[in-house]
Amino acid sequence: MTRIAGLLLSFLFLLVAGPAEADIEIHRFDDPQQEATYKQLIYELRCLVCQNQNLADSHADLAKDLREEIYEMVRAGKSRQEIIEFMVQRYGDFVLYRPPVKTETLPLWAGPFVLLLIALVVFVIIVRRRSGRGEATRVIDAAAREKARRLLGESDRETS
Amino acid sequence: MRRFLLFSIPLLFFGLLVLLFLRGLELDPRKVPSPLIDKPAPGFTLPRLLAEGEQFSTEDMKGRVWLLNVWASWCVACREEHPLLVAFSREKQVPIVGLDYKDEPEDARRWLEMLGNPYDIVVVDRDGRVGIDWGVYGVPETFVIDKRGVIRHKVIGPIRPELLEQRLRPLIRRLQEEPSP
C-alpha cells in the first residue's frame, strides 16, 4: 500500500517538476524576424561549459552571458552570419553544432557516405557470390546426368 | 586460408577501433583549441582591483612578453593553481596580469590577502565581457602574449608544474629573445 502511495506521489512530483526546467530568461523583440534569428542561433550554438548542450538548454553562467550577448547583437541589427563569426572568432568551430565544410571537417561530412559505400560494395559482393554458388550446383555435365539416370532407373526397378 | 581471411577482417576492425579509442583516451574534450592562438590579443581597458581609480590597458604591455591569468575567488581550480603561480611570480621572470573574472571585488581582495598575490596588476572584469572576447570558458585560463601583442599559447585549467617547466618556461624565454617591434 505504501509502495503504491509512494509511486503516486513521485508521479505527482514529476508533473510539478516539468515546467521548472524552462527558467531561461525572457528576451523581448520588436521584430519577429529578429526573434526567429535569436531563437535559431541559441539552438544552433554550443555551450562551451557543458559541451553537449546548446546555449538555449544550458544553465551555465557563460551560456547566460552569451545569450545576452547574442540578444544584444540581434537587437543591434547584426546578421546571423556576423553573430556566428563573432562566436567562431572567440571559441572556434567547436561552438557550431553545424560545422562548416573544411579540410579538417571533411571526414565528419563525408565519413557516413564512405561507410555506406563500403557497406554497399560488401553487400553486392556477398549477393553475387551467393547466387553464383547456386548456379554452380544446378549445372551438371552430361556424364553426371547419365549416372544419375542410371541410378534412378536401377532403384525404380528394385522397388517395382 | 578463407577461414583465416574471414576471421582476420573483424580482427583488423577491432584493432583499428582499439587504436581509435586509445587516441581518444589521451584527448581531453574539455580542452577546446583556441582560435585566438597566433592572433592579436583582444585589447581592453579595465579598472584595477588593488589600485583604486586606476585603469590598466593592454596597450601598456606593448613590447613586453606577459601572462594573462584569468581567475576568480569562486573558482576552486584557481585555488589549486595558486601556490605554483605565487612561487613563479617571485622569480620575476615575466609580468603576470590577473583578470578577476565575474567576481565580487571584495571577495577577490580578501582571497589575495589570504593566499598571497602573484599578480603585478589585477584587473576587474565584473560582467565577463572581456572574458568573452578572449574566449574564456573555464577558469583558470592562462594566456602567453608576446612583444607584438600576439597570443602565443593558452593553458586551460590550472597550470601543472610539468607544464610550467616543459612548455611555459622555454616558451617565455624564447619569446623574450625575440626582437621588439
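How many residues does the contact take from chain B, and how many from chain A? In this predicted model, the contact takes 12 residues from chain B and 14 residues from chain A. On the side of chain B that touches chain A, the residues divide into 6 nonpolar, 4 polar and 2 charged.

Chain A contains 6 helices and 0 strands, and its elements, read from the N terminus on, follow the order α-α-α-α-α-α. Of the 160 residues in chain A, buried residues make up 12%. When contacts in chain A between residues at least 6 apart in sequence are considered, 38% of them join residues at least 24 apart.

Within chain A, the packing of two helices can be described in some detail. The axes of helix H2 (residues 32–44) of chain A and helix H3 (residues 61–75) of chain A come within 10 Å and cross at roughly 150°; because angles over 145 degrees count as roughly antiparallel, H2(A) is roughly antiparallel to H3(A). The crossing of H2(A) and H3(A) is right-handed. To this contact H2(A) contributes Gln34(A), Thr37(A), Tyr38(A), Leu41(A) and Ile42(A), while H3(A) contributes Arg67(A), Ile70(A), Tyr71(A), Val74(A) and Arg75(A). By class, the residues of the contact of H2(A) with H3(A) divide into 6 nonpolar, 2 polar and 2 charged.

In chain B, helix H1 (residues 2–26) has 25 residues and reaches 37 Å from its first C-alpha to its last, which is close to the 36 Å expected at 1.5 Å a residue. H1(B) is hardly covered, the count of buried residues among its 25 residues being 0.

Several positions in the backbone of chain B also deserve mention. Most residues other than glycine have a negative phi, and most peptide bonds are trans. Asp38(B), which lies in the loop between H1 and strand E1 (45–47) of chain B, has a positive phi near 65° although the residue is other than glycine. Asp38(B) has 11 other C-beta atoms within 10 Å and is therefore exposed, the cut-off for an exposed residue being 12 or fewer. A positive phi, near 55°, is likewise found at Lys92(B), again a residue other than glycine, and the place of Lys92(B) is in the loop between helix H2 (76–90) and strand E4 (96–101) of chain B. With 9 other C-beta atoms within 10 Å, Lys92(B) is exposed. As for the peptide bonds, the one that joins Val139(B) and Pro140(B) is cis, with omega at about -5°, and Pro140(B) lies in the loop between helix H4 (129–133) and strand E6 (141–145) of chain B.

Not counting residues up to four places away in sequence, Val97(B) touches Trp66(B), Leu67(B), Leu68(B), Tyr119(B), Asp120(B), Ile121(B) and Val123(B). Val139(B), which the cis peptide bond joins to Pro140(B), is 42 residues from Val97(B) in sequence and 15 Å from Val97(B) in space, C-alpha to C-alpha.

Technical notes:
Residues numbered from 1 in each chain as written. Chains lettered and ligands numbered in written order. Predicted model: local features only at pLDDT ≥ 70, side-chain atom pairs only at ≥ 80, totals over all residues. Contact = placed C-beta atoms within 7 Å. Nonpolar A, V, L, I, M, F, W, Y, C, P; charged D, E, K, R; others polar. Axes fitted to C-alpha atoms, helices over the stretch in contact; angles between N-to-C directions. Helix = DSSP H or I, 4+ residues; strand = E, 2+ residues; numbered from the N terminus. Parallel < 35°, antiparallel > 145°, perpendicular 65-115°, else oblique. Left-handed = near helix turned anticlockwise from the far one by under 90°. Expected span 1.5 Å × (residues − 1). Buried ≥ 20, exposed ≤ 12 C-beta atoms within 10 Å, placed from the backbone.
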